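Please look over the model shown below before reading the briefing that follows.

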2 protein chains.
Amino acid sequence: MPHIALNSAEPGIRGLLRYRPETARPLSELAEVLLRGPGILSRGERELIAAYVSALNDCQYCSSSHAACAAAQLPGGMAVVEQVRADPGAAPVSAKLKALLEIAAAVRHSGHAVTAEHVAEARAAGATDMEIHDTVLIAAAFCMFNRYVDGLATIAPDDSAAYAAGAQRLVTQGYLPPSADPGRDN
Amino acid sequence: MPHIALNSAEPGIRGLLRYRPETARPLSELAEVLLRGPGILSRGERELIAAYVSALNDCQYCSSSHAACAAAQLPGGMAVVEQVRADPGAAPVSAKLKALLEIAAAVRHSGHAVTAEHVAEARAAGATDMEIHDTVLIAAAFCMFNRYVDGLATIAPDDSAAYAAGAQRLVTQGYLPPSADPGRDN
């Protein structure tokens, strides 16, 4: 049961976004820009970084949700996502993505844990400065989202079909509320 | 030296916001809503939570910057900020704020570290659900900002006068760029 009385039965961050529309707006926009906006990393790769960090933070809702989004957009589907979560070094992803996942794991521990060696390795594998920037910010943002979702003890469904359906909606429509909070802004 | 080549010499998050205006917009809006928007907690109290979490995360730039913002807006000034950073339980702040600072410290560790007892204690001291929500999100957001700033190894000035001057600007003008990136949006 959530720690506070929400105004809906929606699970995970969805209940929180509905509860506090003023903070929902920048949070949704941040997710949209980072995970779906113009970028060199594919949308599937960015969702994979989000799912990986969320799994390291043991956040069931975010981990399941973004794993489903990654699986829907990566050539290898859920099998690759599960291999990355189990052992990114051995997973069938590019050397560049492996190096970026190492940076994400460091960020998840602490900003100070990212070393010049991590960055040099990512660059040697072909990562640009913007990709390194976005990886750090995606990992940092999920350290926020995970704490927000679990710090208020929101509900995480056990049913993987629920996450797959949610992912379908996110993949096609994105993170911005379609015309949520009607009447608020217009 | 920052891990990536930024497009300015600005320190801390300021250099990152300038480097990536697409993510700067929601990040700045989130800070504005959380730290300065309508709320029951005073602006000084919210800045104090931000400074406290940033100090726990050992983020010199964010900790110094938000300590200066808190000091400028709290009756007790920097003395109270320093007492909170040293030992919040013994600092001259309300029982409610002490309970919220305990929640913030738990969030900083992990979302799962926030217990029903933490929340009950805050409620018993007079905290509303919205205050508990905002405390969790402020703490979570600074777990992001701190990792963003340090994960890219941005520069943190040593000079406390620089932070005081920055705080003066933030306290009077807020976190949204006044008309930053001219020509981008209009």
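Contact here means that heavy atoms lie within 4.5 Å of each other. The model is predicted, and on that definition B:R36, leaving aside its neighbours within four places in sequence, is in contact with B:A31, B:R43, B:R46, B:L170, B:V171, B:T172, B:Q173, B:G174 and B:Y175.

**Surroundings of B:R36**

- B:R36 has its place in helix α2 of chain B, and with a relative accessible area of 12% this residue is buried.
- Two backbone oxygens are approached by the side chain of B:R36: that of B:V171 is reached at 2.9 Å, while that of B:L170 lies 3.2 Å from a polar atom of the side chain.
- B:R36 also forms a salt bridge with B:E32, in which the closest N and O atoms are 3.3 Å apart.
- Because B:E32 and B:R36 are four residues apart in helix α2 of chain B, about one helical turn separates them, and both residues are buried.

**Salt bridges within the chains**

- Over all chains, the count comes to 16 salt bridges.
- In chain A, A:R36 forms a salt bridge with A:E32, with 3.3 Å between the closest N and O atoms; the two residues both lie in helix α2 (residues 21-36) of chain A, four residues apart, about one turn of the helix.
- A:R36 is buried, with a relative accessible area of 12%, and A:E32 is likewise buried, with a relative accessible area of 18%.
- B:R14 forms a salt bridge with B:E10, the closest N and O atoms being 3.0 Å apart, and at 33% relative accessibility B:R14 counts as partly exposed.
- A network of salt bridges links A:E10, A:R14 and A:R18 in chain A.

**Two further residues in helices**

- B:V84 is found in helix α5 (residues 77-86) of chain B, where, at 0% relative accessibility, this residue counts as buried.
- Apart from its neighbours within four places in sequence, B:V84 is in contact with B:L48, B:Y52, B:A91, B:V93 and B:L101; of these partners, B:Y52 is 32 residues away along the chain, with 7.2 Å between the C-alpha atoms of B:V84 and B:Y52.
- A:Q168 is found in helix α9 (residues 160-173) of chain A and counts as partly exposed, at 46% relative accessibility.
- Although A:Q168 and A:A72 are 96 residues apart in sequence, their C-alpha atoms are 7.6 Å apart in space.

**Contact between chain B and chain A**

- The contact takes 45 residues from chain B and 45 residues from chain A, and the two chains bury about 3,800 Å² between them, with 64% of that area on carbon and sulfur atoms.
- B:H3, B:H133 and B:R147 supply 18% of the area that chain B buries against chain A, which is more than any other three residues supply.
- Four salt bridges are counted between chain B and chain A; A:R20 forms a salt bridge with B:D134, with the closest N and O atoms 2.7 Å apart.
- Across the interface, 24 residue pairs are found in polar contact, both residues being at pLDDT 80 or more.
- The elements that give two or more residues to the side of chain B that touches chain A are α2 (21-36), α6 (95-109), α7 (116-124) and α8 (129-151) of chain B, and the largest share, 15 residues, comes from α8(B).
- By class, this side of chain B has 24 nonpolar, 10 polar and 11 charged residues.

**Relation between the copies**

- Chain B is superposed on chain A by a rotation of 180° with 0.0 Å of shift along its axis, at an RMSD of 0.0 Å, and that is the relation of a two-fold axis.
- Of the residues of chain B, B:P26 comes closest to the rotation axis, its C-alpha atom lying at 2.3 Å.
- Of the interface residues of chain B, 100% are also interface residues in chain A, so the copies meet through the same surface.

Conventions. Residues numbered from 1 in each chain as written. Chains lettered and ligands numbered in written order. Predicted model: local features only at pLDDT ≥ 70, side-chain atom pairs only at ≥ 80, totals over all residues. Heavy atoms only, no water. Buried area = accessible area lost by both parts, 1.4 Å probe. Salt bridge = Lys/Arg side-chain N within 4 Å of Asp/Glu carboxyl O. Polar contact = N/O pair within 3.5 Å; in protein donor to acceptor, adjacent residues only side chain to side chain. Nonpolar A, V, L, I, M, F, W, Y, C, P; charged D, E, K, R; others polar. Least-squares fit on C-alpha atoms with pLDDT ≥ 70 in both. Buried < 20%, exposed > 50% of the residue type's maximum accessible area, 1.4 Å probe, protein only.
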